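Please have the sequence and the 3D view open while reading.

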Amino acid sequence: MQLFFTPELNPSLENFILSEEESKHAVRVLRMNTGDRLYLIDGRGGLYEAEIIDPHPKRTVLRILSIKENYQQPNYHLHIAVGPTKNIDRIEWFLEKATEVGIQEITPIICEHSERKEVKLDRLNKVIVSAMKQSLKAYLPQLNPAVYFKQFIKDLPKDGVQKAIAHCVDSDKKYLNEAFEGGQHYIILIGPEGDFSAEEIDLALAAGFQPVSLGEARLRTETAALAACLETSLLNR
C-alpha cells in the first residue's frame, strides 16, 4: 500500500491534486502512471483510495474512488510530555517509534535540569509524518510547541485525565497497568537526562500525577518515553 499524506483533503472532493513533493515521489520515484491506484491519508482518520488520471511530476491529478473514515481509530488518547534530550536525534528516534506504536499527542517540556531549551518543530513533524506513512496509520500525532514545566502543569485540564509521572527518586510507585484504566485520556510526564527536580516532582504530585515505575532498569529519556507508549498500548488492547 503506497500512502501519501494529504492534510488538505476532505471527503467532499471527487478529484484531488497532489502537492509537488508528493507528485514527484509518485511519478519520479515510484514511476506511477495513469490508472495506477494509491492511498491518501489526511491525518484525521481518513483513508482514501484514489486513481491517477494525470501523472504530472508537479501536480498529479487523482480521482477519489472510496473513503474510509476513522480508520483504525484508537480507543484512548495518550499525551507524553517529555524533556527534550541534548542530542535531538534521540528525540527524533522516540517520535518515530512512538508514532509507529501509537501516540496521539507530544509536548516537549523544558525542566530545571534540561540541557536543551529550544525545540524546532519542522524537522520533528517530518519525522512523525514519515513514521505515520510507514506504519500505515491515518491519524497524525499532535506535536505541541515546547513549554516550561511549571506552565505545562498550570495549563492542564483538571478533570477527565489520568496522569502519571515517571521519575527516578525512590518512592512508592505503581506500574502503569496498575495506575491506569483502559480507554482513557492519559498524560505521562517523562523527565530530561538529569530527571525532574524535587520541586517539579512535588508540583506534579500536587496536580494529581501518580508516581509510576517503568521497570527496574534506569532508562534513557527517550527509552522511558517509548516504554510508556508501549505499556499504554498494551493496556488498551
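## Loops, sheet and helices

N70 sits in the loop between β5 and β6 (77-82). The model is predicted, so local features need pLDDT of at least 70 and side-chain atom pairs count only at pLDDT 80 or more, while totals for chains, interfaces and linings use all residues. Residues are numbered from 1 along each chain as its sequence is written, and side-chain values use heavy atoms, with hydrogens and water left out. Helices (H or I, at least four residues) and strands (E, at least two) are DSSP runs, numbered from the N terminus.

Most residues other than glycine have a negative phi. N70 is not a glycine, yet its phi is positive. D195 is likewise a non-glycine residue with a positive phi, and D195 lies in the loop between β12 (185-190) and α6 (198-206).

| Residue | Phi | Relative accessible area | Class |
|---|---|---|---|
| N70 | about 55° | 46% | partly exposed |
| D195 | about 70° | 9% | buried |

Five strands form an open sheet in the order β1-β3-β4-β5-β2, with mixed pairing. β1 (3-5) and β2 (15-17) are the edge strands, each with a single partner, so one side of each has no neighbour in the sheet. From one strand to the next, the twist averages 40°. Two strands count as paired if DSSP finds at least two bridges between them. β2 pairs with β5 (residues 61-68) in the antiparallel sense over three bridges; I17 has V61 of β5 as its bridge partner.

Helix α3 (residues 121-134) lies across β1 and β3 (37-41), and runs at about 150° to β1. Axes here are lines fitted to C-alpha atoms, for helices over the stretch in contact, and angles run from 0 to 180 degrees between N-to-C directions.

Which helix packs with α3, and at what angle? The axes of α2 (residues 88-101) and α3 come within 8 Å and cross at roughly 30°. That makes α2 roughly parallel to α3, a term for angles under 35 degrees. The contact (heavy atoms within 4.5 Å) involves I88, I91, E92, L95, E96, T99 and E100 of α2, and R123, L124, V127, I128, A131, M132 and Q134 of α3.

How values were computed
Parallel < 35°, antiparallel > 145°, perpendicular 65-115°, else oblique. Buried < 20%, exposed > 50% of the residue type's maximum accessible area, 1.4 Å probe, protein only.
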